[in-house]
Amino acid sequence: MTVNALEITNLTKKYNGFKLDGLNLTLPGGCILGLIGENGAGKSTTIKLILDMIKRDDGSVKILGRDNSGEIRLIKEDVGTVFDDVGIPDCLNVRQVGKIMRGTFKNWSDKDYDALLKRLDVPLDKPFGKLSRGNRMKVGIAVAMSHNAKLLLDEATSGLDPIVRDEVLDILNEFTRDEEHSVLMSSHIVSDLEKICDYIAFLHKGKLILFEEKDALLAEYGVIHCTEQRLAELD
Amino acid sequence: MKGLLLKDFYVTMKSCKMFFIVYAIFIAMSFALSDSTDESFLFMMYPVLMSGVLAMSLLSFDEKFKWIKYSGALPYSPAQIVLSKYLFGFIYQVLTALIVFLALVVWANTIGDTTLSEAAFSLGGMFTISLVIPSVSLPFCFKFGTEKGRIFYFVFAFGLGAVFFKFADKYFAYKYEEHIKTNYFPLIWVAAVVVLYAISLAISIAVYRKREITD
């Protein structure tokens, strides 16, 4: 039986002027969940809560069947994360990043890292700060996918140009061919989510407006452009 | 934790080159000015003191490059993240003190206005003072970020400097060999610094555990 990659129950976090309000989400193994919403909707807050980087006010998060409040350090061995600003110091080159990660992850694979960098055409000897934004994110993606992670948290792909994004989407698709691999992808590019996601979750001002299988969403939902009066007249 | 130490090593080698240049200048000055003062070796003490700032500088780089946020997604506990900064900073301070000691050996054998043991005693004193810098600044940096931590450090360093030099006048008025034989102050001072360093580490771990990593 495949374990759910993520089980989020009643997750709540309050800030001044913002509240992530009782979020419930489940990401089955082998699936891609697209988390969509405007800036400030709560997507980044959700990812930080999943990683226990910020303290939740209520609710629970299970990653690969394990509660994230207990053994989060061990759980992170199985999670690959790509933030939109990556977070690698500018002075390091890509090879040095690989050596640092070899000393970080138990299951680090130099072979996978090199293969991904080659496939994504990233220059190996340039300092990280001299790489284009797209190449920096590719490095982040290569790191996230080179330690046998079972769950990917990705908020970077939406920042890539369309050509590179397509390459990355292909890689994510290949990644989830294994039933143990899942992806939570935070994005505001609907076409990307439509292309690869199995589930779509729509956050708005900290509230989950919609959580649906993509196919059901395409089959059963639509957009109507009309006045409120015309809407009321419809059956 | 190996990865964190390696990251700090690479960042130090690439981004802290100015430190090494300043070290070389001060060591050179102590040789160059040996004719004009008997205690020109004291210029060499500055690099030792300065080495105490490295951990804070590395933390500041971590904030600038958003490494703090990134490390929150890596399989490290808050204790490991904090400990790596203390450990790397300590190793760096020891290496700096060793380099300065070697320079002192050369200085004492070539210029020789002050004996090596006298100079080494000053070096030991300065090394322990340099350990006070991260002990005081790092808990604040881990709690509030390096900008506020730095302000606290400068206020502290100024205050410590003022107190030390006022006190040092009286303390060094004795002949130091005599002083070591008759006074336990150096031992008490070293013990106090070790305890302060350990307490600082424990406080930093506790505050970092509670800190919410946003950016």
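What follows is a chat about a predicted model with chains A and B.

Reader: Let's start with chain B. How many helices and strands does the secondary structure come to?

Author: This is a predicted model, to be clear. In it, chain B has 10 helices and 0 strands. Along the sequence the pattern reads α-α-α-α-α-α-α-α-α-α.

Reader: And what share of chain B counts as buried?

Author: Of its 215 residues, 34% count as buried. As for contacts within chain B between residues at least 6 apart in sequence, 79% of them join residues at least 24 apart.

Reader: OK, now the interface. How many residues of chain B are in contact with chain A?

Author: On the chain B side there are 23 residues, and they are in contact with 25 residues of chain A.

Reader: Which helices of chain B supply at least two residues of that side?

Author: Those are α1 (2-15) and α5 (67-71) of chain B. The largest share comes from α1(B), with 8 residues.

Reader: How do the residues on that side divide into nonpolar, polar and charged?

Author: The side of chain B that touches chain A has 12 nonpolar, 5 polar and 6 charged residues.

Reader: Back to α1(B). At what angle does it pack with α6(B)?

Author: The angle is about 45°, and the axes of α1(B) and α6 (residues 78-110) are 9 Å apart.

Reader: Which residues make the contact?

Author: From α1(B), B:Leu4, B:Leu5, B:Asp8 and B:Thr12 take part. On the α6(B) side you have B:Gln80, B:Ile81, B:Ser84, B:Leu87, B:Phe88 and B:Tyr92. By class, this contact divides into 6 nonpolar, 3 polar and 1 charged.

Reader: What about α6(B) and α10(B), at what angle do the axes cross?

Author: Roughly 140°, and the axes of α6(B) and α10 (residues 185-210) come within 9 Å. An angle has to be over 145 degrees to count as roughly antiparallel, so α6(B) and α10(B) are oblique to each other. Here α6(B) passes α10(B) in a right-handed crossing.

Reader: Which residues make that contact?

Author: α6(B) brings B:Pro78, B:Ala79, B:Ile81, B:Val82 and B:Tyr86. α10(B) brings B:Leu201, B:Ser204, B:Ile205, B:Tyr208 and B:Arg209. The classes here are 8 nonpolar, 1 polar and 1 charged.

Reader: I'm curious about a lysine, B:Lys69. Which helix does it lie in?

Author: B:Lys69 lies in α5 of chain B.

Reader: Buried or exposed?

Author: Buried: B:Lys69 has 22 other C-beta atoms within 10 Å, and the cut-off for buried is 20 or more.

Reader: How many residues apart in sequence are B:Lys69 and B:Glu212?

Author: They are 143 residues apart in sequence, while their C-alpha atoms are 9.8 Å apart in space.

Reader: Switching to chain A. How many bridges join β3 to β9?

Author: There are 4, joining β3 (residues 32-36) to β9 (residues 199-204), and the two strands run parallel. A:Gly34 stands opposite A:Ile200 in β9(A).

Reader: In which sense do β9(A) and β10(A) pair?

Author: Antiparallel, over 6 bridges, with β10 spanning residues 207-213. A:His204 has A:Lys207 of β10(A) as its bridge partner.

Reader: How many residues sit between the strands of that hairpin?

Author: The hairpin of β9(A) and β10(A) has 2 residues between the strands, and A:Lys205 in this hairpin takes a positive phi near 50°.

Conventions: Residues are numbered from 1 along each chain as its sequence is written. Chains are lettered from A and ligands numbered from 1 in the order in which they are written. This is a predicted model: local features need pLDDT of at least 70, side-chain atom pairs count only at pLDDT 80 or more; totals for chains, interfaces and linings use all residues. Two residues are in contact if their C-beta atoms, placed from the backbone, lie within 7 Å. Ala, Val, Leu, Ile, Met, Phe, Trp, Tyr, Cys and Pro count as nonpolar, Asp, Glu, Lys and Arg as charged, and the others, Gly among them, as polar. Axes are lines fitted to C-alpha atoms, for helices over the stretch in contact, and angles run from 0 to 180 degrees between N-to-C directions. A residue is buried if 20 or more other C-beta atoms lie within 10 Å of its own, exposed if 12 or fewer, and partly exposed in between; C-beta atoms are placed from the backbone. Two strands pair if DSSP finds at least two bridges between them. Angles under 35 degrees count as roughly parallel, over 145 as roughly antiparallel, 65 to 115 as roughly perpendicular and the rest as oblique. A crossing is left-handed if the near helix is turned anticlockwise from the far one by less than a right angle, and right-handed if clockwise.
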